[in-house]
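Hi,

Here is the structure I said I'd pass on. Have a look at it first, and my notes follow below.

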Amino acid sequence: MPKTPPSTPAATAHPADAHEQIRVQGARENNLKDVDVEIPKRRLSVFTGVSGSGKSSLVFGTIAAESQRMINETYSTFVQGFMPTLARPEVDVLEGITTAILVDQERMGANARSTVGTATDANAMLRVLFSRIGDPFIGPPTAFAFNVPTRKASGVMQTEKSGGRVEKNVVRQAVYLGGMCAECEGRGTVSDLDLTQIFDESKSLVEGAILVPGYTADGWMVAAFKAVLPPDKPIAKYTKAEREDFLHAEPRKVKVDKINVTYEGLIPKIRKSMFSKDPDALQPHLKAFVERAAVFGRCSACDGTRLNEAARSAKIKGKSIADVCALQITDAAAWVREIDDASVAPLVRNLLHLFDSFVEIGLGYLSLDRPAGTLSGGEAQRTKMIRHLGSALTDVTYVFDEPTIGLHPHDIQRMNNLLLELRDKGNTVLVVEHKPETIAIADHVVDLGPGAGTNGGTVCFEGDVAGLRASDTLTGRHLSYRATLKDEVRAATGVIEVRGASSHNLRDVDVDVPLGVLCVVTGVAGSGKSSLIHGSIAGRDDVVVIDQSAIKGSRRSNPATYTGLLEPIRKAFAKANGVKPALFSANSEGACESCNGNGMIYTELGFMETVATLCDECGGKRFQASVLELTFGGLDIAEVLDLPVAEAHAFFASGDAKTPAAAAILQRMEDVGLGYLKLGQPLNTLSGGERQRLKLAMRMGDKGGVYVLDEPTTGLHLADVDNLLRLLDRLVDAGKSVIVIEHHQAVMAHADWIIDLGPGAGHDGGTVVFEGTPADLVAGRSTVTGEHLADYVSS
């Protein structure tokens, strides 16, 4: 008989159960000021505070970063050499941390071959399914992979045998099956050039027929064409041979003014010089030309499915793998449920679990063939969440960055349930969030502030939600705040007519978008808001679009360089000192020679951590000593770049340093609530909300009568939303028309006109379910949005 273990008194706790908290002491990442916090494990903790207060620095930059760094250290030095090097965060004590899994807002890679199906392993399971029970039988799973081409090989095949023997076989036309469409190489689209954007048929070469930037009629780039082709003859009157020579000629030597030069057809020439390069790396005017001239069309060979004919011929229940990938996921789940075959029962079970997870997380309206790069930040974050929903892992730390981004109030409750589900499995859940609906479900709240940038970085409150409501912090005061409907709304001065909009899931939508007012377009996620506005309004003249695309930034980029502010500042310094403007750029002639304008010396130590040390020569100021002797308004260039926006605005708005061009840009940055941001702060240290508002400040300077904003409240604290509404009002009062795609109830309540799409998502949406004033929407309660907005303004 087995021995009975001795009984342990209930009062005696096991030492292993004493580690119930994540303890942080002396955190100093970015703007954190020796922050001390104790975060309970196996609970849902929400971190709040205005954008730039230090939430991400504490959660992502300190806790999650140290967890990942310590896990990476467990790998061999060989493996670590292939992994990103993570610096040790600035913190005195960090105890009790567990394995951290980050689910952030970063968009999924915009690789042309990446789809929702490939990113979530749904395609991999479908390929196995069709290779097993597809009729007719085509081949192994690779025969259904659009990223694998069909290959044929001939020659000697060597096979290693035991004892060092090598068996040689001669193979002829051995076929290795893949599912890739040969015409589009698995991309689903084929690129072409719009010739009307490249040359004007009605003109001759001397009249400027070539419309490519840099190809002026009397310039050197066109000289070779004039030497080969009749220069005075309109392109439209070229013979077939002349047109072929003009557009597609192979490279050959010709004489131009007694000089040998290479002549090449216009199309291959510009393909190599412009279209083969990353558009973002091109100069703005070249990028604009490339975007105008490059057109992408559906591949006619595979009808956009990316798969060859053989892969499309195998069917299960009357559908090919391409048909299933094109289905809305809710419909794909219904198709899987009809499969009753014992040989693939486990596979069907896993597929159903995956599809049900999509529906549970509110992404049932997507299709598996949707390109991953087209997902919004919120959709990408929820797609990443799917792999964790059925995970067997417990006692790990899940870190979320505003998981409610892009969610309608109707969907936020579902997201809250998922966060609670992860917590109830025994995990620690850390959430950076602004929405009061998610803050309300927290077990523990850490409120950072009181302000942003140098005015933030301290813990203003730590405790439960009831304590936060009773506290006098900025978040506590705004937690119960509710916007009210306006007493009077503005009258439209005109309309933009949209007729027969049918992109994506829109069902021949006819709608009049009012001008001269604040118009909010809303509806549940996937209802067709972005398809309507970006597909029917964004491309028109006089329309300025400020979307959710991330701004790129390295440690060399900062708000001054990104917004164009540095240009007038450099010119002002140069004029005052009688020198070249290039001296006042840390990326040009004025850069410190020791650190190349970085301010830090980065020492690469192979497979070990890169060490960053302050540059001894410039002391981190990034400029040569001779440049720092040159001043403007009593300050040198390094001191100016160290100014917060608000102080810099006062500096350049009046007095000896008055520079109207700089003051105008700084005014816009203050308008969007970035007065605390330093001009020289590296862009890669800014939070998501700060980057969004920086882009808003820059684009507000664009000339246009209609502004389209895509979820401008992303990353904004409750208090900052008020500032945003005042900014939108100023734009409308200045004669602009503002169209906002938004879910935030405060923005809806403040609107003059609302266009609500729905009633559901995907093929259940795509229609306009309401047009009118917010008051009418609330009074009618006829839509999901109306119900939530009515509850919001009445609570």
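Predicted model: local features only at pLDDT ≥ 70, side-chain atom pairs only at ≥ 80, totals over all residues.

The peptide bond from G758 to P759 is cis, with omega near 0°, and P759 sits in the loop that runs between β26 (753-758) and β27 (767-772). Another cis bond links D135 to P136, where omega is about 5°. For P136, look in the loop between α4 (122-133) and β6 (151-160).

Now for the inside. The largest nonpolar core counts 71 residues, and I569, I637, F652 and L679 have the most contacts within it. Helix α26 (residues 718-733) supplies the largest share of this core, with 7 residues. Where does the core lie relative to domain 4 and domain 5? It lies between them, because domain 4 (482-551 + 688-794) and domain 5 (554-685) both give residues to it. If you want to zoom in on I637, its contacts are I569, F573, F584, F623, V627, L628 and L630, leaving aside neighbours within four places in sequence. There is also a second, separate core, this one of 68 residues, with L307, V336, L418 and L422 among them.

D729 is part of helix α26. Is D729 buried or exposed? Its relative accessibility is 17%, and the cut-off for buried is under 20%, so D729 counts as buried. Apart from neighbours within four places in sequence, D729 is in contact with R490 and H750. S531, in helix α18 (residues 529-536), also counts as buried, because its relative accessibility is 14%. Not counting residues up to four places away in sequence, S531 touches S503, H504, N505, L506 and S536.

D542 has a positive phi of about 70° although it is not a glycine. You will find D542 in the loop between α18 and β19 (543-546), and at 48% relative accessibility it counts as partly exposed. E711 is another non-glycine with a positive phi, in this case about 50°. E711 lies in the loop between β24 (706-710) and α26, and with 9% relative accessibility it counts as buried.

Last, the surface. Which residues form a nonpolar patch there? They are Y75, F78, V79 and F82, which together have about 460 Å² of accessible area. Y75 belongs to the loop between α1 (55-72) and α2 (77-80), and its 38% relative accessibility makes it partly exposed.

That's everything from me for now.

Cheers

Methods:
Residues numbered from 1 in each chain as written. Heavy atoms only, no water. Patch = residues over 30% accessible without salt bridge, like charges linked within 9 Å, V, L, I, M, F, W, Y side chains within 5 Å. Areas by Shrake-Rupley, 256 points an atom, 1.4 Å probe, with all protein chains shown as cover. Salt bridge = Lys/Arg side-chain N within 4 Å of Asp/Glu carboxyl O. Helix = DSSP H or I, 4+ residues; strand = E, 2+ residues; numbered from the N terminus. Buried < 20%, exposed > 50% of the residue type's maximum accessible area, 1.4 Å probe, protein only. Core = buried A, V, L, I, M, F, W, Y, C linked by side-chain atoms within 4.5 Å. Domains from an automatic or database assignment. Contact = heavy atoms within 4.5 Å.
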